[in-house]
Amino acid sequence: MSILIQNGTLILPDGPAKADLRVDQGKITELGAGLPVGDSRVINASGKLVFPGFIDTHTHFEMNKGLINETADNWETGTRAALAGGTTCVLDFAEPEHGCSLQSALDEWHARADGHASCNYSFHMTIVDWDQRIRDELPRMTEQGVTSYKVYLAYNGMRISDRVAYEVIKAVGQEGGVVGCHCENGDLIDESIAELKAAGKLSPASHPLAHSAVIEAEAVNRWLALAEQAGYPVNVVHLSTQRGLDAALLARSHGQPLYLESCPQYFTLTDEKYQLPGFESAKFVFSPPLRKQDDVDALWEALGNDDIDTIGTDHCSFNYATTKQLGKDDFSAIPPGIPGTEHRPCLMYTFGVKADHIDLLQMMKALSERPAKLFGMFPQKGTLAVGSDADIVIFDPDYTWRISAAHQYQNVDYTPYEGMEMAGRTETVLLGGEVAVEDGKVVKEGLGKYVSRGPSQFWR
């Protein structure tokens, strides 16, 4: 049976419009005012906002599998939580072991996700080794729908040299893909940690000191210099500071095409969270860390100016009562990461749209359209258009509630947004034309499918 969504405000590529939308056989088949009901099941969306399904550009599910610091959310729990919040597709990071092929990582991530996901999914591929063997695998990755990659300028065992970064950018660019980068200066982080520990400063309050704004800004600037020399656009993931933003905007002012991702935590929380009593601040240890209010304000201004392109979550959940305690006596041993994929849409609506930092069209573009374009899924995903996949979110802008770990789908014992009052929520989600969420509750699990992606569709 087809489904007719009636009387909603559709967030279309040109802006909001009151209209109806019909879904049949997993696709959007009609848009317009006063569509006839026929034999369709009717969903009354009066007073509601109708978005294309949201895309989370940055998740880590089932990370560190089998180790003491394994994440709390696996593919079943993580994608169920994402779906409940209105995210219909996640992009997770496949990470090869050193000395192993890219294919080995892709096979492993498929084994973890296939048949277990409740929303759609695809994979960024992490580059940890680089040689002709890895270079020769890139066309095979493209054939299998992997067209985005990630490199690190920080973390022992993950970081790569500038020469390797330059070569990766060129090689991926020749494949029509895009490389994202964790932009922090790893050497400076290591030195800062050593200095803090030598001074006996072992609490979570030291975490932001070891990951200062200049450490991010230097790496953003270096990454963009490498990309300019290579001659291909790149992505900066989880941007957190005004200084990093300034470096990116300066590069753009000289005509460099580049893309910026940030995350809800950098728009809604500040580094005051590192001054909580006891070990409580460990809940907010992630990298990059929370920043100053000036940084928050700068990021909102940038998003409102369409200078920030996408909003991911960097969802990487560790239980506070157990796994975070690994760093009880040493802040640098606290597993870095926070949960967030379930609450991203309501946070960006409440603190963005309702606070007049962004409008509905900008929210849709940052959470749906631009992720789909940058990562090769548009117009299959990311838009309400005839022929597009029927991944649809009906959002109630008048529903007020408070975020609580006790009532979340995320399989973790806390949320960094505990007690925050939301000014809207996802009410209904269609995934591939099937109703998977009703009244804010997941009613169908396991519908997620792998999304094989094409080349990046750059717009800058």
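## Largest pocket

In this predicted model, 47 residues line the largest pocket. Met63, Asn64, Glu95, Tyr155 and Met158 lie nearest its centre. A pocket is an open set of points on a 1 Å grid over the protein atoms alone, where a 1.4 Å probe fits, with protein on both sides within 12 Å along at least five of seven lines. Lining residues have an atom within 4 Å of a point.

Two or more lining residues come from each of α2 (102-113), β9 (148-152) and α6 (186-198). Helix α2 gives the largest share, five residues. Helices (H or I, at least four residues) and strands (E, at least two) are DSSP runs, numbered from the N terminus. The volume of the largest pocket is about 1100 Å³, taken as the space filled by probe spheres set on the points, which are joined across faces, edges and corners. Its lining holds 22 nonpolar, 16 polar and nine charged residues. Here Ala, Val, Leu, Ile, Met, Phe, Trp, Tyr, Cys and Pro count as nonpolar, Asp, Glu, Lys and Arg as charged, and the others, Gly among them, as polar.

## Second largest pocket

The second largest pocket has a volume of about 340 Å³. It is lined by 17 residues, with Glu342, Trp401, His407, Arg425 and Gly440 closest to its centre. Elements giving two or more residues are α1 (75-85), β15 (401-402) and β17 (425-431). The lining has six nonpolar, seven polar and four charged residues.

## Helices α5 and α8

The axes of α5 (residues 162-174) and α8 (residues 213-230) come within 9 Å and cross at roughly 50°. Axes are lines fitted to C-alpha atoms, for helices over the stretch in contact, and angles run from 0 to 180 degrees between N-to-C directions.

The contact (heavy atoms within 4.5 Å) includes Tyr166 and Ile169 of α5 and Trp223 and Leu226 of α8. Its residues divide into seven nonpolar, one polar and three charged.

## Backbone exceptions

Most residues other than glycine have a negative phi, and most peptide bonds are trans. A cis bond joins Ser287 and Pro288, with omega about -5°. Pro288 sits in the loop between α10 (265-268) and α11 (293-304). Gln25, not a glycine, has a positive phi of about 50°.

## Basis

Residues are numbered from 1 along each chain as its sequence is written. Local features need pLDDT of at least 70, side-chain atom pairs count only at pLDDT 80 or more, and totals for chains, interfaces and linings use all residues, while side-chain values use heavy atoms, leaving out hydrogens and water.
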